[in-house]
Amino acid sequence: MKYSDAAELDRLKAMSLKIEEAEKAVMELEELGKGIPVIEKNVRSILSLTNVLKFGISDLVT
Amino acid sequence: MESQQRDYWNPWLETLDPARLKQIELKNFRKYVAYAMEHSGLYRQKLAGINPEDIKTMEDVRKLPLTDKEDLRLAQLGEKRSIYGDVLGVDPSEVSDFHQTSGTTGRPVYVPESYESWQWRVEVWSHILWMAGFRETDRVFVPFGYNVYVAFWEGHYAAEKVGCEVVPGGALDTKGRISKMIETRSTALMNTPTYGLHMAEVAGDMGIDPGAIGIRKMLCAGEPLADATRRLLERTWEAEVYDHIGGTEPCAWAAMCKDRNGMHIMEPFFLVEVLDVNDLSTEVGPGELGTVVVTPLGRRSFPLVRFNTKDLARKPMESGCSCGRTSVKIARIEGRTDHLLKIRGVLFTPVAVEECLRDEFPAVAEFEIAVRRTGIMDEVALKVETCEDMGSGACAELRGRIFERLKHRTNLTFGIEVVRPGELPRYQLKASRFKDLREEQK
(Lines give C-alpha, C1' and ligand atoms only; values in the text may rest on other atoms or scores of the structure.)
Protein backbone atom coordinates (compact mmCIF):
# COMPACT_ATOMS: atom_id res chain seq x y z
CA MET A 1 0.00 0.00 0.00
CA LYS A 2 2.51 2.57 -1.19
CA TYR A 3 1.63 6.13 -1.97
CA SER A 4 3.84 5.91 -5.05
CA ASP A 5 1.79 3.10 -6.69
CA ALA A 6 -0.45 4.51 -9.41
CA ALA A 7 -3.49 2.55 -8.19
CA GLU A 8 -2.99 3.79 -4.64
CA LEU A 9 -2.60 7.35 -5.85
CA ASP A 10 -5.93 7.07 -7.69
CA ARG A 11 -7.49 5.66 -4.55
CA LEU A 12 -6.15 8.56 -2.49
CA LYS A 13 -7.46 11.06 -5.04
CA ALA A 14 -10.90 9.42 -4.91
CA MET A 15 -10.88 9.55 -1.11
CA SER A 16 -9.77 13.17 -1.16
CA LEU A 17 -12.72 13.99 -3.42
CA LYS A 18 -15.12 12.19 -1.06
CA ILE A 19 -13.75 14.13 1.92
CA GLU A 20 -14.36 17.37 0.02
CA GLU A 21 -17.90 16.26 -0.87
CA ALA A 22 -18.58 15.25 2.71
CA GLU A 23 -17.39 18.64 3.92
CA LYS A 24 -19.57 20.41 1.37
CA ALA A 25 -22.62 18.31 2.31
CA VAL A 26 -22.12 19.04 6.01
CA MET A 27 -21.82 22.75 5.33
CA GLU A 28 -25.08 22.63 3.38
CA LEU A 29 -26.64 20.88 6.37
CA GLU A 30 -25.36 23.70 8.57
CA GLU A 31 -27.01 26.24 6.30
CA LEU A 32 -30.32 24.33 6.41
CA GLY A 33 -30.22 24.08 10.20
CA LYS A 34 -28.80 27.54 10.87
CA GLY A 35 -29.32 28.64 14.47
CA ILE A 36 -30.42 25.20 15.70
CA PRO A 37 -28.02 23.86 18.36
CA VAL A 38 -28.36 20.18 17.42
CA ILE A 39 -27.28 20.97 13.85
CA GLU A 40 -24.71 23.67 14.56
CA LYS A 41 -22.84 21.75 17.24
CA ASN A 42 -22.87 18.37 15.51
CA VAL A 43 -21.77 19.99 12.24
CA ARG A 44 -18.87 21.55 14.11
CA SER A 45 -17.85 18.11 15.38
CA ILE A 46 -18.05 16.53 11.93
CA LEU A 47 -16.03 19.33 10.32
CA SER A 48 -13.31 18.90 12.95
CA LEU A 49 -12.97 15.29 11.86
CA THR A 50 -13.01 16.03 8.12
CA ASN A 51 -10.22 18.49 8.89
CA VAL A 52 -8.21 15.61 10.37
CA LEU A 53 -8.86 13.54 7.25
CA LYS A 54 -7.75 16.40 5.02
CA PHE A 55 -4.50 16.52 6.97
CA GLY A 56 -3.88 12.78 6.70
CA ILE A 57 -5.29 12.02 3.24
CA SER A 58 -6.08 15.06 1.06
CA ASP A 59 -2.72 16.70 1.77
CA LEU A 60 -0.97 13.78 0.12
CA VAL A 61 -2.55 14.47 -3.26
CA THR A 62 -2.93 18.26 -3.33
CA MET B 1 -12.43 -5.95 12.43
CA GLU B 2 -9.88 -6.23 9.61
CA SER B 3 -8.34 -2.81 10.26
CA GLN B 4 -7.25 -3.97 13.73
CA GLN B 5 -4.68 -6.27 12.15
CA ARG B 6 -2.94 -3.45 10.27
CA ASP B 7 0.48 -2.26 11.37
CA TYR B 8 -0.06 1.35 10.33
CA TRP B 9 -2.76 3.79 11.40
CA ASN B 10 -2.31 5.67 8.10
CA PRO B 11 -0.33 3.44 5.71
CA TRP B 12 0.11 6.09 3.00
CA LEU B 13 1.36 8.79 5.32
CA GLU B 14 3.60 6.54 7.39
CA THR B 15 5.48 5.12 4.38
CA LEU B 16 5.64 8.30 2.36
CA ASP B 17 8.90 9.24 0.67
CA PRO B 18 10.84 11.49 3.13
CA ALA B 19 11.33 14.21 0.52
CA ARG B 20 7.56 14.32 -0.11
CA LEU B 21 6.92 14.45 3.64
CA LYS B 22 9.20 17.46 3.95
CA GLN B 23 7.46 19.11 0.99
CA ILE B 24 4.06 18.71 2.72
CA GLU B 25 5.48 20.04 5.97
CA LEU B 26 6.90 23.13 4.27
CA LYS B 27 3.60 23.76 2.47
CA ASN B 28 1.71 23.46 5.75
CA PHE B 29 4.31 25.58 7.54
CA ARG B 30 3.68 28.44 5.08
CA LYS B 31 -0.07 28.14 5.60
CA TYR B 32 0.37 27.94 9.36
CA VAL B 33 2.64 31.01 9.56
CA ALA B 34 0.12 32.98 7.49
CA TYR B 35 -2.68 31.86 9.82
CA ALA B 36 -0.67 32.73 12.96
CA MET B 37 0.17 36.20 11.63
CA GLU B 38 -3.46 36.89 10.84
CA HIS B 39 -5.06 35.51 14.01
CA SER B 40 -2.57 35.73 16.87
CA GLY B 41 -1.46 39.06 18.34
CA LEU B 42 1.80 37.48 19.45
CA TYR B 43 2.77 36.41 15.93
CA ARG B 44 1.45 39.53 14.24
CA GLN B 45 4.13 41.32 16.22
CA LYS B 46 6.80 38.61 16.25
CA LEU B 47 6.69 37.86 12.52
CA ALA B 48 6.04 41.40 11.25
CA GLY B 49 7.65 41.90 7.84
CA ILE B 50 7.71 38.17 7.00
CA ASN B 51 6.04 37.03 3.81
CA PRO B 52 4.99 33.38 4.36
CA GLU B 53 5.15 32.72 0.63
CA ASP B 54 8.91 33.39 0.73
CA ILE B 55 9.46 30.32 2.97
CA LYS B 56 10.54 27.63 0.54
CA THR B 57 13.35 25.73 2.29
CA MET B 58 14.48 24.77 5.79
CA GLU B 59 17.06 27.58 5.55
CA ASP B 60 14.16 30.00 5.10
CA VAL B 61 12.38 28.46 8.10
CA ARG B 62 15.44 29.06 10.24
CA LYS B 63 15.35 32.78 9.48
CA LEU B 64 12.16 33.05 11.57
CA PRO B 65 12.50 33.84 15.28
CA LEU B 66 12.08 31.12 17.90
CA THR B 67 9.24 31.12 20.41
CA ASP B 68 10.15 30.49 24.06
CA LYS B 69 7.90 29.58 26.93
CA GLU B 70 8.64 33.04 28.32
CA ASP B 71 7.12 34.64 25.18
CA LEU B 72 3.92 32.73 25.89
CA ARG B 73 3.94 33.72 29.57
CA LEU B 74 4.44 37.40 28.75
CA ALA B 75 1.65 37.25 26.15
CA GLN B 76 -0.72 36.03 28.87
CA LEU B 77 0.22 38.59 31.52
CA GLY B 78 -1.95 41.53 32.51
CA GLU B 79 -5.57 42.36 31.87
CA LYS B 80 -6.38 40.85 28.50
CA ARG B 81 -9.61 40.21 26.63
CA SER B 82 -9.08 36.50 27.31
CA ILE B 83 -7.08 34.54 29.90
CA TYR B 84 -5.06 33.18 26.95
CA GLY B 85 -3.86 36.67 26.05
CA ASP B 86 -2.33 37.35 22.66
CA VAL B 87 -1.60 33.72 21.86
CA LEU B 88 -5.23 32.79 21.24
CA GLY B 89 -5.76 32.01 17.56
CA VAL B 90 -9.54 31.63 17.42
CA ASP B 91 -12.56 33.49 18.75
CA PRO B 92 -12.86 32.84 22.55
CA SER B 93 -16.29 31.27 21.94
CA GLU B 94 -14.60 28.46 19.98
CA VAL B 95 -12.41 27.30 22.87
CA SER B 96 -13.66 23.99 24.25
CA ASP B 97 -10.79 22.77 26.44
CA PHE B 98 -8.56 24.42 29.01
CA HIS B 99 -5.17 22.95 29.85
CA GLN B 100 -2.08 24.37 31.42
CA THR B 101 1.59 23.56 31.78
CA SER B 102 2.79 22.20 35.10
CA GLY B 103 4.54 25.41 36.09
CA THR B 104 7.82 23.63 36.90
CA THR B 105 9.86 26.50 35.45
CA GLY B 106 7.62 29.45 36.37
CA ARG B 107 4.09 30.73 35.94
CA PRO B 108 2.02 28.09 34.10
CA VAL B 109 1.07 28.76 30.49
CA TYR B 110 -2.64 28.39 29.73
CA VAL B 111 -3.29 26.38 26.59
CA PRO B 112 -6.64 26.75 24.79
CA GLU B 113 -7.98 24.10 22.44
CA SER B 114 -10.86 24.56 20.06
CA TYR B 115 -12.78 21.37 19.30
CA GLU B 116 -11.00 21.22 15.93
CA SER B 117 -7.54 21.65 17.46
CA TRP B 118 -8.38 19.08 20.10
CA GLN B 119 -9.31 16.52 17.44
CA TRP B 120 -5.99 17.21 15.73
CA ARG B 121 -4.14 16.43 18.98
CA VAL B 122 -6.21 13.29 19.47
CA GLU B 123 -5.33 12.18 15.93
CA VAL B 124 -1.61 12.55 16.71
CA TRP B 125 -2.11 10.43 19.81
CA SER B 126 -4.07 7.85 17.84
CA HIS B 127 -0.96 7.36 15.71
CA ILE B 128 1.11 7.00 18.90
CA LEU B 129 -1.17 4.40 20.48
CA TRP B 130 -1.49 2.45 17.25
CA MET B 131 2.31 2.31 16.88
CA ALA B 132 2.46 0.95 20.43
CA GLY B 133 0.01 -1.80 19.53
CA PHE B 134 -3.10 -0.52 21.35
CA ARG B 135 -6.14 -2.14 19.71
CA GLU B 136 -9.89 -2.81 20.12
CA THR B 137 -9.10 -5.82 22.27
CA ASP B 138 -7.38 -3.67 24.90
CA ARG B 139 -8.84 -2.40 28.13
CA VAL B 140 -6.69 0.59 29.06
CA PHE B 141 -6.32 1.61 32.69
CA VAL B 142 -5.35 5.22 33.41
CA PRO B 143 -4.46 5.50 37.10
CA PHE B 144 -4.93 9.26 37.52
CA GLY B 145 -7.33 12.11 37.96
CA TYR B 146 -6.20 14.01 34.86
CA ASN B 147 -6.85 17.50 36.23
CA VAL B 148 -5.74 20.35 33.93
CA TYR B 149 -2.75 18.46 32.52
CA VAL B 150 -3.17 17.44 28.95
CA ALA B 151 -1.29 14.15 28.34
CA PHE B 152 -3.70 11.69 29.90
CA TRP B 153 -6.72 13.47 28.43
CA GLU B 154 -5.16 13.03 24.99
CA GLY B 155 -4.35 9.42 25.77
CA HIS B 156 -7.89 8.78 27.01
CA TYR B 157 -9.62 10.24 23.95
CA ALA B 158 -7.18 8.64 21.50
CA ALA B 159 -7.59 5.23 23.16
CA GLU B 160 -11.35 5.59 22.66
CA LYS B 161 -10.79 6.60 19.04
CA VAL B 162 -8.58 3.63 18.15
CA GLY B 163 -11.22 1.37 19.65
CA CYS B 164 -9.92 0.50 23.12
CA GLU B 165 -12.04 0.49 26.24
CA VAL B 166 -10.82 3.04 28.80
CA VAL B 167 -11.00 2.61 32.56
CA PRO B 168 -10.39 5.98 34.26
CA GLY B 169 -8.72 5.22 37.57
CA GLY B 170 -8.85 8.61 39.33
CA ALA B 171 -10.24 9.06 42.86
CA LEU B 172 -8.72 5.81 44.09
CA ASP B 173 -5.58 5.26 46.11
CA THR B 174 -2.77 3.14 44.68
CA LYS B 175 -4.03 -0.09 46.28
CA GLY B 176 -7.52 0.65 44.98
CA ARG B 177 -6.13 1.17 41.50
CA ILE B 178 -4.24 -2.11 41.55
CA SER B 179 -7.39 -3.91 42.68
CA LYS B 180 -9.42 -2.19 39.96
CA MET B 181 -6.88 -3.17 37.28
CA ILE B 182 -7.18 -6.80 38.38
CA GLU B 183 -10.99 -6.62 38.68
CA THR B 184 -11.40 -5.13 35.17
CA ARG B 185 -8.76 -7.42 33.65
CA SER B 186 -7.02 -4.40 32.16
CA THR B 187 -4.46 -5.20 29.47
CA ALA B 188 -2.80 -1.82 28.95
CA LEU B 189 -1.69 1.04 31.13
CA MET B 190 -0.93 4.71 30.60
CA ASN B 191 1.08 6.29 33.38
CA THR B 192 4.14 8.25 34.37
CA PRO B 193 7.26 6.06 34.66
CA THR B 194 7.60 7.04 38.32
CA TYR B 195 4.07 5.98 39.11
CA GLY B 196 4.53 2.74 37.16
CA LEU B 197 7.41 1.89 39.47
CA HIS B 198 5.48 2.99 42.54
CA MET B 199 2.44 0.87 41.63
CA ALA B 200 4.71 -2.14 41.18
CA GLU B 201 6.20 -1.48 44.62
CA VAL B 202 2.75 -1.23 46.23
CA ALA B 203 1.54 -4.34 44.39
CA GLY B 204 4.54 -6.16 45.85
CA ASP B 205 3.54 -4.95 49.34
CA MET B 206 0.06 -6.38 48.69
CA GLY B 207 1.59 -9.73 47.83
CA ILE B 208 0.78 -9.31 44.13
CA ASP B 209 3.32 -9.89 41.37
CA PRO B 210 2.89 -6.90 38.98
CA GLY B 211 3.79 -9.16 36.05
CA ALA B 212 0.80 -11.38 36.87
CA ILE B 213 -1.76 -8.54 36.73
CA GLY B 214 -2.07 -8.91 32.95
CA ILE B 215 -0.79 -5.55 31.72
CA ARG B 216 1.00 -6.25 28.45
CA LYS B 217 1.44 -2.73 27.03
CA MET B 218 2.34 0.45 28.82
CA LEU B 219 2.57 3.93 27.39
CA CYS B 220 4.51 6.37 29.53
CA ALA B 221 3.73 10.07 29.65
CA GLY B 222 4.26 13.10 31.82
CA GLU B 223 8.01 12.90 32.41
CA PRO B 224 11.17 11.79 30.60
CA LEU B 225 11.75 8.04 30.50
CA ALA B 226 15.36 6.93 30.75
CA ASP B 227 16.00 3.78 28.74
CA ALA B 228 17.17 1.91 31.84
CA THR B 229 13.91 2.82 33.60
CA ARG B 230 11.94 1.65 30.57
CA ARG B 231 13.70 -1.72 30.68
CA LEU B 232 13.09 -1.96 34.42
CA LEU B 233 9.37 -1.30 33.88
CA GLU B 234 9.30 -3.97 31.15
CA ARG B 235 10.85 -6.55 33.46
CA THR B 236 8.68 -5.62 36.42
CA TRP B 237 5.33 -5.56 34.60
CA GLU B 238 6.23 -8.15 31.94
CA ALA B 239 4.89 -5.65 29.43
CA GLU B 240 6.08 -3.80 26.35
CA VAL B 241 6.80 -0.25 27.53
CA TYR B 242 6.62 2.64 25.08
CA ASP B 243 7.76 6.19 25.38
CA HIS B 244 6.89 9.38 23.57
CA ILE B 245 8.11 12.94 23.81
CA GLY B 246 6.09 16.10 23.78
CA GLY B 247 4.71 18.86 25.89
CA THR B 248 1.54 20.72 26.73
CA GLU B 249 2.28 23.56 24.31
CA PRO B 250 3.31 21.66 21.13
CA CYS B 251 1.58 18.27 21.79
CA ALA B 252 3.39 14.91 21.56
CA TRP B 253 5.81 15.19 18.63
CA ALA B 254 7.69 11.85 18.61
CA ALA B 255 6.96 8.31 19.76
CA MET B 256 8.23 4.74 19.78
CA CYS B 257 7.27 2.02 17.33
CA LYS B 258 7.40 -1.73 18.06
CA ASP B 259 11.20 -1.60 17.69
CA ARG B 260 11.45 0.49 20.87
CA ASN B 261 14.72 1.89 19.64
CA GLY B 262 14.51 5.66 19.29
CA MET B 263 11.37 7.61 18.47
CA HIS B 264 9.68 8.55 15.22
CA ILE B 265 8.92 12.21 14.69
CA MET B 266 5.20 12.50 14.04
CA GLU B 267 5.55 13.79 10.51
CA PRO B 268 3.92 15.67 8.82
CA PHE B 269 1.96 16.86 11.85
CA PHE B 270 5.04 18.69 13.08
CA LEU B 271 8.00 20.45 11.56
CA VAL B 272 10.83 19.46 13.88
CA GLU B 273 14.33 20.94 13.88
CA VAL B 274 17.22 19.66 15.99
CA LEU B 275 19.55 22.62 16.35
CA ASP B 276 23.03 23.25 17.64
CA VAL B 277 22.72 23.79 21.40
CA ASN B 278 24.88 26.93 21.37
CA ASP B 279 23.89 28.87 18.28
CA LEU B 280 20.33 27.51 17.79
CA SER B 281 20.63 28.21 14.08
CA THR B 282 22.21 25.18 12.42
CA GLU B 283 20.79 21.65 12.20
CA VAL B 284 23.00 19.06 13.93
CA GLY B 285 24.29 15.99 12.09
CA PRO B 286 23.75 12.24 12.70
CA GLY B 287 24.74 11.15 16.20
CA GLU B 288 24.91 14.73 17.47
CA LEU B 289 23.08 16.30 20.36
CA GLY B 290 20.81 19.26 19.69
CA THR B 291 17.96 21.37 21.04
CA VAL B 292 14.55 20.50 19.62
CA VAL B 293 12.43 23.20 18.03
CA VAL B 294 8.89 22.21 17.08
CA THR B 295 6.08 23.72 15.02
CA PRO B 296 2.75 21.87 15.31
CA LEU B 297 1.24 22.39 11.88
CA GLY B 298 -2.47 22.01 12.48
CA ARG B 299 -3.53 23.68 15.70
CA ARG B 300 -5.29 26.94 15.06
CA SER B 301 -6.49 27.74 18.59
CA PHE B 302 -2.93 28.02 19.92
CA PRO B 303 -0.60 28.98 17.09
CA LEU B 304 2.97 28.09 17.92
CA VAL B 305 5.74 28.80 15.42
CA ARG B 306 9.23 27.37 16.04
CA PHE B 307 8.70 26.59 19.72
CA ASN B 308 11.96 25.99 21.58
CA THR B 309 11.09 22.90 23.62
CA LYS B 310 14.48 22.95 25.40
CA ASP B 311 14.52 19.17 24.99
CA LEU B 312 17.95 17.80 24.21
CA ALA B 313 17.80 15.08 21.56
CA ARG B 314 20.41 13.05 19.76
CA LYS B 315 19.94 12.32 16.09
CA PRO B 316 20.41 8.67 15.08
CA MET B 317 23.48 7.55 13.13
CA GLU B 318 21.37 5.73 10.55
CA SER B 319 18.14 6.62 8.78
CA GLY B 320 15.20 4.28 8.30
CA CYS B 321 13.54 1.83 10.67
CA SER B 322 12.71 -1.86 10.49
CA CYS B 323 9.02 -1.00 11.07
CA GLY B 324 8.93 0.52 7.58
CA ARG B 325 7.94 4.01 8.68
CA THR B 326 9.81 6.68 6.77
CA SER B 327 9.63 9.55 9.25
CA VAL B 328 12.85 10.88 10.74
CA LYS B 329 13.77 9.36 14.10
CA ILE B 330 15.24 10.78 17.28
CA ALA B 331 17.76 8.37 18.79
CA ARG B 332 17.06 9.46 22.34
CA ILE B 333 16.14 12.34 24.59
CA GLU B 334 18.99 13.25 26.88
CA GLY B 335 17.32 15.76 29.14
CA ARG B 336 16.52 19.42 28.91
CA THR B 337 18.74 22.38 28.19
CA ASP B 338 17.65 23.94 31.49
CA HIS B 339 18.88 20.77 33.27
CA LEU B 340 22.15 20.69 31.33
CA LEU B 341 24.70 21.88 33.84
CA LYS B 342 28.36 22.51 33.77
CA ILE B 343 29.74 21.29 37.08
CA ARG B 344 33.43 21.83 37.63
CA GLY B 345 33.88 22.04 33.88
CA VAL B 346 31.97 18.81 33.18
CA LEU B 347 28.67 18.76 31.28
CA PHE B 348 26.08 16.88 33.32
CA THR B 349 22.42 15.90 32.90
CA PRO B 350 20.44 14.19 35.69
CA VAL B 351 19.37 11.51 33.18
CA ALA B 352 22.91 10.08 33.39
CA VAL B 353 22.36 9.32 37.10
CA GLU B 354 18.98 7.74 36.46
CA GLU B 355 20.45 5.54 33.68
CA CYS B 356 23.21 4.34 35.99
CA LEU B 357 21.02 3.65 39.04
CA ARG B 358 18.21 1.90 37.15
CA ASP B 359 20.62 -0.12 35.04
CA GLU B 360 23.09 -1.26 37.66
CA PHE B 361 21.54 -0.94 41.11
CA PRO B 362 18.31 -2.90 41.51
CA ALA B 363 18.54 -2.35 45.28
CA VAL B 364 17.78 1.37 44.73
CA ALA B 365 14.08 2.24 44.78
CA GLU B 366 14.22 6.05 44.53
CA PHE B 367 16.73 8.85 44.29
CA GLU B 368 17.05 12.62 44.51
CA ILE B 369 19.78 14.89 43.15
CA ALA B 370 20.63 18.36 44.46
CA VAL B 371 23.29 20.72 43.15
CA ARG B 372 24.63 23.25 45.68
CA ARG B 373 27.43 25.77 45.73
CA THR B 374 30.01 25.52 48.48
CA GLY B 375 32.38 28.47 48.30
CA ILE B 376 33.25 28.68 44.61
CA MET B 377 32.67 24.96 43.98
CA ASP B 378 29.51 23.28 42.73
CA GLU B 379 28.70 20.02 44.49
CA VAL B 380 26.27 17.30 43.56
CA ALA B 381 24.49 15.53 46.39
CA LEU B 382 22.66 12.28 45.71
CA LYS B 383 20.21 10.58 48.07
CA VAL B 384 19.39 6.99 47.25
CA GLU B 385 16.57 5.11 48.91
CA THR B 386 16.91 1.35 49.14
CA CYS B 387 14.12 -1.14 48.43
CA GLU B 388 14.73 -2.87 51.76
CA ASP B 389 16.28 -1.94 55.08
CA MET B 390 20.04 -2.48 55.06
CA GLY B 391 22.63 -2.68 57.79
CA SER B 392 25.29 0.04 58.03
CA GLY B 393 27.92 -2.18 56.41
CA ALA B 394 25.74 -2.94 53.40
CA CYS B 395 24.81 0.75 53.10
CA ALA B 396 28.47 1.78 53.05
CA GLU B 397 29.26 -0.86 50.47
CA LEU B 398 26.36 0.28 48.23
CA ARG B 399 27.39 3.93 48.65
CA GLY B 400 30.94 3.06 47.59
CA ARG B 401 29.84 1.14 44.49
CA ILE B 402 27.46 3.88 43.36
CA PHE B 403 30.18 6.49 43.91
CA GLU B 404 32.61 4.56 41.70
CA ARG B 405 30.14 3.84 38.92
CA LEU B 406 28.87 7.43 38.77
CA LYS B 407 32.41 8.74 38.70
CA HIS B 408 33.13 6.40 35.83
CA ARG B 409 29.98 7.33 33.90
CA THR B 410 29.86 11.10 34.53
CA ASN B 411 33.40 12.12 35.51
CA LEU B 412 31.97 13.76 38.63
CA THR B 413 32.23 12.96 42.31
CA PHE B 414 28.93 12.74 44.15
CA GLY B 415 28.19 13.20 47.84
CA ILE B 416 26.02 10.15 48.42
CA GLU B 417 23.62 9.45 51.27
CA VAL B 418 21.72 6.16 51.55
CA VAL B 419 18.28 6.59 53.13
CA ARG B 420 15.75 4.06 54.42
CA PRO B 421 12.75 2.71 52.43
CA GLY B 422 9.91 5.25 52.16
CA GLU B 423 11.97 8.34 53.05
CA LEU B 424 11.96 9.98 49.62
CA PRO B 425 8.76 11.38 48.11
CA ARG B 426 6.73 9.46 45.52
CA TYR B 427 5.12 11.28 42.61
CA GLN B 428 2.06 10.56 40.51
CA LEU B 429 2.50 13.11 37.77
CA LYS B 430 5.72 14.97 37.04
CA ALA B 431 8.49 13.69 39.32
CA SER B 432 10.85 16.27 40.77
CA ARG B 433 14.03 14.36 41.52
CA PHE B 434 16.43 17.08 40.52
CA LYS B 435 16.98 20.35 42.37
CA ASP B 436 19.42 23.05 41.34
CA LEU B 437 19.74 25.07 44.57
CA ARG B 438 22.52 27.38 43.42
CA GLU B 439 20.24 30.31 42.59
CA GLU B 440 18.48 30.04 45.97
CA GLN B 441 21.83 30.21 47.71
CA LYS B 442 22.76 33.58 46.16
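User: What distance separates the C-alpha centres of domain 1 and domain 2 of chain B?

Analyst: The C-alpha centres lie 29 Å apart. The bounds, 1–337 for domain 1 and 341–441 for domain 2, come from an automatic or database domain assignment. This is a predicted model, where local features need pLDDT of at least 70, side-chain atom pairs count only at pLDDT 80 or more, and totals for chains, interfaces and linings use all residues. Residues are numbered from 1 along each chain as its sequence is written, with chains lettered from A and ligands numbered from 1 in the order in which they are written.

User: Why is α6(B) called largely enclosed?

Analyst: A residue is buried if 20 or more other C-beta atoms lie within 10 Å of its own, exposed if 12 or fewer, and partly exposed in between, with C-beta atoms placed from the backbone. For α6(B), 16 of the 17 residues are buried, so the rest of the structure largely encloses this helix.

User: What span is expected for α6(B), and what does the model give?

Analyst: The rule is 1.5 Å times one less than the number of residues. With 17 residues, α6(B) reaches 24 Å from first C-alpha to last, close to the expected 24 Å.

Note on methods: Helices (H or I, at least four residues) and strands (E, at least two) are DSSP runs, numbered from the N terminus.
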